Amino acid sequence: MGSEKSTVLIAQITDTHVGFEPEAGENEFNFVRFRNVLGHLLSQPVQPDMLILSGDLTDGGQADCYARIKDLVADCSFPVHVMPGNHDCREALLDAFPDCPTHDGFAQFPIECGEGADALRILCLDTFEPGRHGGAFCEVRAAWLRAELEAHPDTPTVIFMHHPPVVAGIEWMDPSPEEAWFKRFHETVRDHKQIVAIQAGHLHRPLHAVVEGIPLSVTPAVAPAVSLDLRPMDVDVADKRPIVAAEPPFYSLHLWRSGALVSHFQPVGHWQTLARFEDHLKPMMKGLFAERS
């Protein structure tokens with residue numbers, strides 16, 4: 001895929017939460033799901049140019065879990081970039097992945113793709129703060145992002161971050177729009193027209209939104225999904241609402257081609273194939289292609 005200068009294919013896997021069942025080892029539910037998702041990705045006829053693991057790689061920042069993840073992704077023939085989420089430990093992650101770039105101690109970095117008119121920049125942000133479930137985006141991180149954007153005002157840019165800077169309506173997962181990090185991020189990206197998309201994780205389910213005029217997508221988790229329930233929550237009333245469900249694990253593919261970005265979300269499981277491109281479908285396919293001329 002990367003041989004076409006105007007085409008970049010970015011795989012994203014998020015919220016693997018390896019180590020939720022520390023005694024289960026290789027048979028752990030989340031690790032098996034991660035292995036199946038990565039196996040599905042690696043079995044595809046078109047391979048990505050890179051894989052971004054966008055946070056919550058582990059469930060508790062355990063060093064042995066990072067080692068297992070590193071061994072698992074060693075089969076990838078393309079670069080693998082890691083980012084911390086709120087369940088991670090930044091120090092343990094960087095010990096396991098010492099090639100991960102940092103800035104002022106934060107695991108955030110640019111990735112340069114293509115050249116000239118075909119160039120695409122990816123900015124991976126560190127939104128982790130120890131002891132906090134929600135996002136963090138201090139002035140140090142904002143200054144880095146601001147400098148990166150101002151230095152390349154004409155280069156299309158995709159931002160990857162673990163915590164989506166949106167209020168999704170699932171109250172126990174949501175930030176308040178009055179939180180300092182939330183407001184700071186919005187102020188930092190405002191008016192930077194080269195940002196074509198924001199890609200996030202954290203919510204454990206698919207979501208599309210707009211942030212300061214920028215399209216935002218959330219890739220669903222490898223670990224079990226957060227249940228979709230948009231009712232207000234009273235923390236003093238245990239109303240037996242569903243919170244987590246064993247929906248299929250996902251990964252996403254973000255396709256940059258000729259100046260446009262398209263995101264695909266792929267569930268991983270076992271489903272019956274209902275149609276294949278065989279001889280009897282040639283007339284239909286030729287007709288569909290003919291309409292494009």
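Colleague: What makes you say that the charged end of Arg 68 sits over the ring of Phe 31?

Modeller: The charged end of Arg 68 is 4.4 Å from the centre of that ring. The term asks for NZ of Lys or CZ of Arg within 6 Å of the ring centre and within 35 degrees of the ring normal, so 4.4 Å meets the distance limit. Keep in mind that this is a predicted model, where local features need pLDDT of at least 70, side-chain atom pairs count only at pLDDT 80 or more, and totals for chains, interfaces and linings use all residues. Residues are numbered from 1 along each chain as its sequence is written, and side-chain values use heavy atoms, leaving out hydrogens and water.

Colleague: Why is the pair of Phe 137 and Phe 185 called edge-to-face?

Modeller: Rings of Phe, Tyr and Trp (its six-membered ring) pair if their centres lie within 6.5 Å; planes under 30 degrees apart are stacked, over 60 edge-to-face, the rest tilted. These two have 5.5 Å centre to centre and 75° between the planes, so edge-to-face it is.

Colleague: And what does that pair tie together?

Modeller: Phe 137 sits in the loop between strand E5 (120–124) and helix H4 (139–151), while Phe 185 belongs to helix H5 (residues 180–189), so the pair links parts 48 residues apart in sequence. Helices (H or I, at least four residues) and strands (E, at least two) are DSSP runs, numbered from the N terminus.

Colleague: How do you know whether Trp 181 is buried or exposed?

Modeller: Buried means under 20% relative accessible area, exposed over 50%, partly exposed in between (1.4 Å probe, protein chains only). Trp 181 has 6%, so it counts as buried. Phe 182, at 7%, is buried too.

Colleague: How do you know where the buried residues of H2 fall, seen down its axis?

Modeller: In helix H2 (residues 63–73), Cys 65, Tyr 66, Arg 68, Ile 69, Leu 72 and Val 73 are buried. Their directions from the helix axis to the C-beta atoms fall within an arc of 160°, so they line one face of the helix. The face turned away carries the exposed residues Ala 63 and Asp 71.

Colleague: What is Gln 199 in contact with, leaving aside its neighbours within four places in sequence?

Modeller: Contact means heavy atoms within 4.5 Å, and the residues that Gln 199 touches include Gln 12, Phe 160 and Ser 217. Gln 199 is in strand E7 (residues 195–200) and is buried, at 1% relative accessible area.
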